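The stops below go from one selection to the next.

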Amino acid sequence: MASVGGGWQIAGVQTSVYVHFPWCARKCPYCDFASYRMAPAAVPHARYADAVLRELERRADAVRGRELASVFFGGGTPSMWAPAELGRVLHAIRGAFGAAERRSDEALEVTVECNPASLDRAGAAALREAGVNRLSIGVQALRDERLRFLGRMHDREGALAAVRAALETHERVSVDLMFGTPGQRVDDFADEIREALDLGIQHVSAYALTIEPGTVFGDMQRAGTLRIATDDEYAALFAQTERAMGARGLEHYEVSNYAAPGERSRHNEHYWRGGAYLGLGAGAVGCLDAGPGTARRYRNTADTERYMGAGDLAETEAEDEHLDGDALVREALMLGLRTDAGVDLADVERRSGRPVPRGRERAIERRLAQGDLLLTGDHLRVPRARWLHLDGIIADVF
Ligand code: SF4
């Protein structure tokens with residue numbers, strides 16, 4: 001991004017694209033994402049792709065001249081989307097950025113989130129054919145009792161089959177694993193991690209089960225009928241996860257993410273660095289720099305019928321927020337401190353137009369003295385040994 005003669009230009013600004021697919025075959029009891037239950041046979045594949053293409057066209061002015069950094073299809077369950085329709089959207093995105101001619105398929109990371117229940121070899125191959133080169137599979141667990149508790153549609157064998165199908169057609173495959181289910185043993189989770197890595201994957205997202213209001217688990221917790229892991233159990237599972245991944249050479253590069261060298265998610269790293277991203281689809285969020293020290297964040301309506309019938313962007317968007325320099329600094333700290341790279345203060349100052357850490361000196365100095373923060377040159381980060389306490393540290397300097 002560059003300011004020219006007091007003006008503003010977006011030429012060459014690295015920008016990622018997130019496409020939201022808002023349906024799942026079943027709603028998981030812990031999930032508060034913008035996703036709705038839909039029988040696979042009832043998905044309006046082409047109508048939804050048409051709507052996303054219309055939105056892309058309406059955002060053409062905001063896109064022109066930007067450099068496409070990565071594309072991520074999330075959800076929901078985008079592996080339920082007919083690969084040809086997803087491919088049509090991907091092709092249009094590359095075209096809108098002028099990326100079709102400039103970058104080879106492999107140079108541009110294109111990820112699709114997949115549910116094991118809707119991923120087989122033919123589907124994985126069709127996605128590869130459509131230009132996708134990374135699959136992220138919501139395995140969540142490799143124990144049938146844990147999968148049943150999480151309300152998942154697949155069992156262990158189904159998960160293993162989906163990952164194998166993905167690996168037959170894609171070099172870059174990630175799996176999500178969730179920890180903190182009732183009675184989960186630390187050593188057994190280490191075995192699950194090893195079993196997943198034995199398949200040959202290079203990237204794992206390991207999330208703690210969190211209970212969100214408005215979900216089935218949220219209601220059960222309010223009613224006192226849900227037991228999940230205690231804080232001590234979470235801490236032991238978190239530490240064991242790090243040990244099991246480290247023993248197999250995976251780097252803990254963000255609080256919930258592990259990767260073999262060179263296999264980090266470029267899309268997520270761009271996001272955590274505070275990079276610009278275009279959001280497309282019902283319920284999608286986008287955030288684009290809008291001038292020196294300012295950005296515009298929007299959230300599309302999550303109402304799928306309204307989204308598909310929208311006549312213009314005013315009907316597409318449900319929220320529109322202006323971020324000033326202070327908000328950009330806060331976002332940068334919140335996202336960057338969750339990564340091993342930390343926050344590049346010079347870069348944040350350049351993007352936000354605000355000197356950092358103005359107004360936060362005392363909190364930062366206190367945390368530096370306690371060893372909760374490290375400052376190396378311009379980089380501020382939380383040492384890995386303190387990642388269990390990240391939320392408190394970030395809240396303090398936020
Ligand atoms: S499959 Fe994923 S997005 Fe869909 S309901 Fe389950 S957790 Fe939510």
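Start by selecting arginine 194, which at 35% relative accessibility counts as partly exposed (buried is under 20% relative accessible area, exposed over 50%, partly exposed in between, with a 1.4 Å probe and protein chains only). This is a predicted model, in which local features need pLDDT of at least 70 and side-chain atom pairs count only at pLDDT 80 or more, while totals for chains, interfaces and linings use all residues. Residues are numbered from 1 along each chain as its sequence is written, and side-chain values use heavy atoms, with hydrogens and water left out.

Arginine 194 makes a salt bridge with aspartate 191, and their closest N and O atoms are 2.7 Å apart (a salt bridge is a side-chain nitrogen of Lys or Arg within 4 Å of a carboxyl oxygen of Asp or Glu). Aspartate 191 is also partly exposed, at a relative accessible area of 29%. Both residues belong to helix 8 (residues 186-198), where three residues, about one turn of the helix, separate arginine 194 and aspartate 191 (helices are DSSP runs of H or I with at least four residues, strands are E runs with at least two, and both are numbered from the N terminus).

Which salt bridge does arginine 350 form? Its partner is aspartate 347, with the closest N and O atoms 2.7 Å apart. Arginine 351 forms a salt bridge with aspartate 347 too, here with a closest N to O distance of 3.3 Å. Arginine 351 and aspartate 347 are separated by about one helical turn because they are four residues apart in helix 15. At 12% relative accessibility, arginine 351 counts as buried. Elsewhere, select Glu55, Arg59, Arg296, Glu317 and Asp320, which salt bridges with shared partners join into one network. The count of salt bridges comes to 38.

Stay with helix 15 and show the second largest pocket, to whose lining helix 15 gives the most, three residues. A pocket is an open set of points on a 1 Å grid over the protein atoms alone, with protein on both sides within 12 Å along at least five of seven lines; a cavity is a set where a 1.4 Å probe fits but cannot get out, and lining residues have an atom within 4 Å of a point. The second largest pocket holds about 240 Å³ of space. Its lining has 16 residues, with Trp272, Arg273, Ala341, Gly342 and Asp344 nearest the centre.

Now select Val139, Leu142, Ala159, Val163, Val175, Leu177, Ala196 and Leu199, which line the largest cavity. Helix 7 (156-169) and strand 7 (172-179) are the elements that give two or more residues to this lining. The largest cavity contains about 40 Å³ of space.

Then pick threonine 215, in the loop between strand 8 (203-208) and helix 9 (216-222). Is threonine 215 buried or exposed? Threonine 215 counts as buried, at 4% relative accessibility. Leaving out residues up to four places away in sequence, threonine 215 touches Pro29, Tyr30, Cys31 and Asp32 (contact means heavy atoms within 4.5 Å).

Finish at the ligand, which 13 residues surround, the closest being Cys24, Cys28, Cys31, Gly76 and Arg152 (a residue is near a molecule if one of its heavy atoms lies within 4 Å of it).

How values were computed:
Grid points are joined across faces, edges and corners, and a volume is the space filled by probe spheres set on the points.
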